[in-house]
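This briefing takes up charged pairs and a pocket in the structure below.

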Amino acid sequence: RVLDRLDGEARGLLEAVGLADRAGIIAAQLPYGQKRALELATTLALDPRLMLLDEPTAGMASADIERMIALIRQACFCQSV
């Protein structure tokens, strides 16, 4: 029951990183770019004051790079400084 309360927040984070339609898929089965987006979502779930990103787009395809940059920008501007 405790985890049920967090379900809405988790789904919201998945929506924010474009993975809402993949919620039922095991993370290991996601393509590389989607795994990285999931990593960003799990980091944002912790409500960090600071995120240090070391080559967040390394090894990604061009389409994934553009999406990841957009996600990072969105995350940075949604957080208060």
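Is E39 buried, partly exposed or exposed, going by relative accessible area? With a relative accessible area of 43%, E39 is partly exposed (buried means under 20%, exposed over 50% and partly exposed in between, with a 1.4 Å probe and protein chains only). The model is predicted, so that local features need pLDDT of at least 70 and side-chain atom pairs count only at pLDDT 80 or more, while totals for chains, interfaces and linings use all residues. Residues are numbered from 1 along each chain as its sequence is written, and side-chain values use heavy atoms, with hydrogens and water left out.

**Salt bridges**
- The whole structure holds two salt bridges, each defined by a side-chain nitrogen of Lys or Arg within 4 Å of a carboxyl oxygen of Asp or Glu.
- E39 pairs with R36, their closest N and O atoms lying 3.1 Å apart, and R36 is buried at a relative accessible area of 17%.
- In the other pair, D7 and R11 have their closest N and O atoms 3.3 Å apart, D7 being partly exposed at 35% relative accessibility and R11 partly exposed at 48%.

**Second largest pocket**
- R36 and E39 are among the residues that line the second largest pocket, including also L40, T43, D54 and I72.
- On a 1 Å grid over the protein atoms alone, a pocket is an open set of points where a 1.4 Å probe fits, with protein on both sides within 12 Å along at least five of seven lines, and lining residues have an atom within 4 Å of a point.
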